[in-house]
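Visitor: Please show me the protein that we are to discuss, and guide me through it step by step.

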Amino acid sequence: MSTEPLISVIIPVYNAGALLCQSLDSLLNQTFRDWEAVCVDDGSIDGSADWLDEYAERDSRIKVVHKLNGGVSSARNCGLEHASAPYITMLDADDYFAPTALEELYSCMHDHDCDVVCCTMRKLFANGHTEVECARFRNGLHKAVPADIYRFAMRSPCCKLYKRSILNREKIRFPLGIPICEDDVFVVSYWYHVKSFYMLDKPLYNYVQSESSVLKKLGEGRLPIEGYMATLDVPLIIYRYIESNNPDEDCLKQWKTLLFKSQLHILEWMCECTPNRAEQKQLRAQGGGHVRHICENMSLFTMMNTWTKVKISRCVKAFIHRVKSVIK
């Protein structure tokens, strides 16, 4: 084992309970030994902080940072600031790795000198059912192009091994104040700087499905309207990041088309999640403004034609018609 870690594992922790031990044990059981864990206690009040300190005493590779509660994005950003290894991966405190996860991710990165490696995940449900995610690409090395971002093996920040040099050079971090899809901003911003990636078609990440997740609350209409409005901002935030990096005109046009489609998809999703008609009207007004901004200097008709080339359902086509009437 080398004296310096090769992989930093960022683990945001907030009231993780008993699942935290399973997560940390999966690290201790890795066949790959040259890692460090940066565990960020985000103001836990259930004893998780004590569990972290106990594990840190048992293994010097486990580092613990205690901070006031600021949300998962804040915790992950804190972890990134404290990471020291050349490669970064992420593990949620209620999930866990397969024993060979870090070894296989590192081998792909090392052998192929790519910018990111992605594996698949196994979803674990409370009733004992498991579901293995299908890889969005064939196993192997691929050239990265903008059109592939929304097939990029889920946009979760987990299941991936990143280069810390890219993250720091490009100042890529998680946006604060966004409850859902904040992952998209991080992953898509990183993808913009990726030249090649390796798809490892193995479920090396175990994703425990939670009944109390923010995503579930959003889908059931249990978040305040501010949460839905903030989520709606995600494509526009990504667009502004891409635009600020001064891509050439053709590249920007590709990204505009992608983010236009993403904006419509999220707008439809947010409207479906909230049953309140007044709130839906607010969402459509804000979403229409975002669409106008993303489509500036481009023909909306051209964007619609691009969108219709994708296989979409009749309900989405009808929704696009409604959006056109909103943004006229």
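The following questions and answers concern this predicted model.

Visitor: What is the mean pLDDT of the protein, and which stretch has a pLDDT below 50?

Guide: The model is predicted, and each residue carries a confidence value from 0 to 100. The mean of these values is 86, and 84% of the residues reach 70 or more. The pLDDT falls below 50 over one stretch, which has eight contacts in the model beyond near neighbours in sequence: residues 307-314.

Visitor: How many helices and strands does the protein have, and what percentage of its residues is buried?

Guide: The secondary structure comes to 13 helices and ten strands. A residue counts as buried when its relative accessible area is under 20%. Of the 328 residues in the protein, the buried part is 54%.

Visitor: Among contacts between residues at least 6 apart in sequence, what percentage joins residues at least 24 apart?

Guide: Contacts of this kind link residues that are separated along the chain. Among those with a separation of at least 6, the share that joins residues at least 24 apart is 80%.

Visitor: Is helix H8 mostly covered or mostly uncovered, and which of its residues are buried?

Guide: Helix H8 spans residues 225-232, and seven of its eight residues are buried. The helix is therefore mostly covered. Its buried residues are Ile225, Gly227, Tyr228, Met229, Ala230, Thr231 and Leu232.

Visitor: Is H8 roughly parallel or roughly antiparallel to H10, and which residues of H8 and H10 make the contact?

Guide: H8 packs with helix H10, residues 249-273, at an angle of about 170°, and their axes are 9 Å apart. Because angles over 145 degrees count as roughly antiparallel, H8 is roughly antiparallel to H10. On the H8 side, the contact is made by Tyr228, Thr231 and Leu232. On the H10 side, it is made by Gln263, Ile266, Leu267, Met270 and Cys273.

Visitor: Which cysteine holds the sulfur closest to that of Cys181, and how many disulfides does a search of the whole structure find?

Guide: Cys181 is buried, with a relative accessible area of 15%. Its closest cysteine sulfur lies in Cys273, and the distance of 9.8 Å is too far for a bond. Across the whole structure, the number of disulfides found is zero.

Terms used: Residues numbered from 1 in each chain as written. Predicted model: local features only at pLDDT ≥ 70, side-chain atom pairs only at ≥ 80, totals over all residues. Heavy atoms only, no water. pLDDT = per-residue confidence, 0-100. Contact = heavy atoms within 4.5 Å. Buried < 20%, exposed > 50% of the residue type's maximum accessible area, 1.4 Å probe, protein only. Helix = DSSP H or I, 4+ residues; strand = E, 2+ residues; numbered from the N terminus. Disulfide = S-S within 2.5 Å. Axes fitted to C-alpha atoms, helices over the stretch in contact; angles between N-to-C directions. Parallel < 35°, antiparallel > 145°, perpendicular 65-115°, else oblique.
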